[in-house]
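Thanks, everyone. I will go through one structure today, starting with the fold as a whole and then moving to single residues.

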Amino acid sequence: MGTSLPELFTSVSAARKGNADIAIGNIVGSNIFNILFVVGTSALITPVAFESKFIVDSIVAVAAGALLWIFSFRGRSLNRVEGGLLLLGYLGYFIYYCKSKSLGKWREMDGISRTLFKVARLFHCNAGKAV
């Protein structure tokens, strides 16, 4: 989330000024760069293992891209309902992420560590809600 906040502010600012092409281009361009250039460069340096735990993330990424494509070509613009659906999709993913990370770590901890983990998880998972 931290690296996406500048993109969020750029896209919201552009959309408010009527520059929707910048708003969408900023996000889509950034994702294309990260997937193709960053992952490609990393794989040139050392093999990048694809672990089974990335399957859900990959499915969410493909589904989000497909939804964006469907929404944008269906009416040639994203409306508030479609934007709300995208945000709900992110919220669902974020809740899944917080719960799945918590459960795996929870099983490995003793009592004191579990208490500290609860506090850390509370701050981490609630940080996204503040945005």
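**Overview and local detail**

Among contacts in the chain between residues at least 6 apart in sequence, 34% join residues at least 24 apart, a contact being heavy atoms within 4.5 Å. Please keep in mind that this is a predicted model, where local features need pLDDT of at least 70, side-chain atom pairs count only at pLDDT 80 or more, and totals for chains, interfaces and linings use all residues. Residues are numbered from 1 along each chain as its sequence is written, and side-chain values use heavy atoms, with hydrogens and water left out.

The chain has five helices and zero strands, so the order from the N terminus reads α-α-α-α-α. Helices here are DSSP runs of H or I with at least four residues, strands are runs of E with at least two, and both are numbered from the N terminus. Of the 131 residues, 10% count as buried. Buried means under 20% relative accessible area, exposed means over 50%, and partly exposed is in between, with a 1.4 Å probe and protein chains only. The accessible surface of the chain comes to about 10300 Å², and 69% of that belongs to carbon and sulfur atoms; the areas come from the Shrake-Rupley method with a 1.4 Å probe, and for residues only the protein chains shown count as cover.

Now helix α1. Its 12 residues should span 16 Å at 1.5 Å a residue, and the end C-alpha atoms are 16 Å apart, which agrees. The expected span is 1.5 Å times one less than the number of residues. Which residues of α1 are buried? They are E7, S11 and A14. Seen down the axis of α1, these fall within an arc of 65°, so they line one face of the helix; the arc is that of the directions from the helix axis to the C-beta atoms. The buried residues of α1 pack against α2, residues 20-45. On the other side of α1, P6, F9 and R16 are exposed. After α1 comes G18, with a positive phi near 85°.

Take S11 by itself: its relative accessible area is 11%. Leaving out residues up to four places away in sequence, S11 touches A23, N26 and I27. In helix α2 there is S30, which counts as buried at 15% relative accessibility. With that exclusion of residues up to four places away, S30 touches E7 and G25.

Next, charges. A search of the whole structure finds one salt bridge, meaning a side-chain nitrogen of Lys or Arg within 4 Å of a carboxyl oxygen of Asp or Glu. E82 and R74 form it, with the closest N and O atoms 3.0 Å apart. E82 is buried at 3% relative accessible area, whereas R74 is exposed at 63%.

Last, the rings. The search finds four aromatic pairs. Rings of Phe, Tyr and Trp (its six-membered ring) pair if their centres lie within 6.5 Å; planes under 30 degrees apart count as stacked, over 60 as edge-to-face and the rest as tilted. One of the pairs is W69 and F73, with centres 5.2 Å apart and planes at 55°, so the pair is tilted. Being four residues apart in helix α3, residues 55-75, W69 and F73 are separated by about one helical turn. W69 is exposed at 57%, and F73 is partly exposed at 46%. Y93 and Y97 form a tilted pair, 6.4 Å centre to centre with 35° between the planes.
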